[in-house]
Amino acid sequence: MANISKYIENKLGLKVNMTKSKVSKPNDIKYLGFGFYYDEFHRQWKAKAPPSVNQ
């Protein structure tokens, strides 16, 4: 995590909020309300929209 944060801050000039940043498996996190699941047929991770988006 330290290496990628250093790259983002130094090379890209962006600020990393370490209290909100973490390294985790996709099924353990939510990003902007979206959850993630593994599609075994396509063998890839996919995003699942929250119910409010589907209306």
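**View 1. Phenylalanine 34 and its contacts.** Apart from neighbours within four places in sequence, phenylalanine 34 touches Ile29, Ala47, Lys48, Ala49 and Pro50. Contact here means heavy atoms within 4.5 Å. The model is a predicted one: local features need pLDDT of at least 70, side-chain atom pairs count only at pLDDT 80 or more, and totals for chains, interfaces and linings use all residues. Residues are numbered from 1 along each chain as its sequence is written, and side-chain values use heavy atoms, with hydrogens and water left out. Phenylalanine 34 sits in the loop between helix H1 (2–10) and E1. Helices (H or I, at least four residues) and strands (E, at least two) are DSSP runs, numbered from the N terminus. Is phenylalanine 34 buried, partly exposed or exposed? Phenylalanine 34 counts as partly exposed because its relative accessibility is 30%. The cut-offs are these: buried is under 20% relative accessible area, exposed is over 50%, and partly exposed is in between (1.4 Å probe, protein chains only). One of the contacts of phenylalanine 34 is Ala49. The two residues are 15 apart along the chain, yet their C-alpha atoms are separated by 5.0 Å.

**View 2. Aspartate 39 and its polar partners.** Aspartate 39 belongs to strand E1 (residues 35–39). Its relative accessibility is 15%, so aspartate 39 counts as buried. Which side chains make polar contacts with aspartate 39? One is histidine 42, at 2.7 Å. Another is lysine 46, at 2.9 Å. A polar contact is a pair of N or O atoms within 3.5 Å; within protein, one must be able to donate a hydrogen and the other to accept it, and residues adjacent in sequence count only if both atoms are side-chain atoms. The backbone takes part too: a polar atom of the aspartate 39 side chain lies 3.1 Å from the backbone nitrogen of phenylalanine 41. With neighbours within four places in sequence set aside, aspartate 39 is in contact with Gln44 and Lys46.

**View 3. Arginine 43, between the strands.** Arginine 43 is in the loop between E1 and strand E2 (44–48). Most residues other than glycine have a negative phi. Arginine 43 counts as exposed because its relative accessible area is 67%.

**View 4. Serine 5 and methionine 18.** Serine 5 lies in helix H1. Methionine 18 lies in the loop between H1 and E1. Serine 5 has a relative accessible area of 6%, so it is buried. Methionine 18 has 47%, so it is partly exposed. Sequence neighbours within four places aside, serine 5 meets Val16 and Met18. On the same terms, methionine 18 meets Met1 and Ser5. Serine 5 and methionine 18 are 13 residues apart in sequence, and their C-alpha atoms are 8.6 Å apart in space. Now look from methionine 18 to tryptophan 45. These two are 27 residues apart along the chain, and their C-alpha atoms are separated by 25 Å.

**View 5. The whole chain, for orientation.** The protein has one helix and two strands. From the N terminus on, the order is α-β-β. How does the radius of gyration of the protein compare with that of a compact globule of 55 residues? The protein has 15 Å, whereas such a globule would have a value near 10 Å. This radius is taken over C-alpha atoms, and the globule rule is 2.2 Å times the number of residues to the power 0.38. Along the principal axes, the C-alpha atoms fill a box of roughly 40 × 25 × 20 Å. Of the 55 residues, 9% count as buried. Among contacts between residues at least 6 apart in sequence, 0% join residues at least 24 apart. The accessible surface comes to about 5,300 Å², and 54% of that belongs to carbon and sulfur atoms. Accessible areas come from the Shrake-Rupley method with a 1.4 Å probe; for residues, only the protein chains shown count as cover.
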